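Please keep the structure in view while reading.

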Amino acid sequence: MKRIVSILLAVTFVLGLGLSAMAQKTPVVDNREKRQQKRIKQGVKSGTLTKREAVKLEAGQAKTHALEAKAKSDGRVTVKERAKLQRRENKTSRRIYKQKHDNQNR
């Protein structure tokens, strides 16, 4: 009997971890962060972004990542939190574009 109860508890625990991990996923935000990170690196490599601009853009990316972590902290990312993350990503994307096209080269 103890063995059955311990097995059921273990299965419940594993399923609970799986569900909480699924609830915390934000693949759209994660993919967009990766693409924007790639844009920043490409800008530095091509010389369209100065090192100072890249550092500022990286800081913006870090703030977005922190906001995402905060949204995930309770195990659930609400529609409102997703919208806030989307606005933050849009803002970061515009900044990357502006900095890459401002005619400053390193």
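How many cavities of 30 Å³ or more does the count come to? The model is a predicted one, and in it the count comes to one cavity of 30 Å³ or more. Rolling a probe the size of a water molecule over the atoms shows where empty space is left.

**The largest pocket**

- The volume of the largest pocket is about 190 Å³, and its lining is made up of E53, K56, L57, A59, G60, K63, R88, R95 and Q99.
- Two elements, α3 (51-72) and α4 (79-100), are the ones that give two or more residues to the lining of this pocket.
- Of the elements, α3 gives the most to the lining of the largest pocket, with a contribution of six residues.
- Sorted by class, the lining of the largest pocket holds five charged residues, together with two polar and two nonpolar ones.

**The largest cavity**

- The largest cavity has a volume of about 30 Å³, and the residues that line this cavity are K56, L57, G60, R88, T92 and R95.
- At least two residues of the lining of the largest cavity come from α3, and at least two come from α4.
- Sorted by class, the lining of the largest cavity has three charged residues, two polar residues and one nonpolar residue.

**Residues to find in both linings**

Technical notes. Residues numbered from 1 in each chain as written. Predicted model: local features only at pLDDT ≥ 70, side-chain atom pairs only at ≥ 80, totals over all residues. Heavy atoms only, no water. 1 Å grid on protein atoms, 1.4 Å probe; cavity = no way out; pocket = protein on both sides within 12 Å on 5 of 7 lines; lining within 4 Å. Points joined across faces, edges and corners; volume = space filled by probe spheres on them. Helix = DSSP H or I, 4+ residues; strand = E, 2+ residues; numbered from the N terminus. Nonpolar A, V, L, I, M, F, W, Y, C, P; charged D, E, K, R; others polar.
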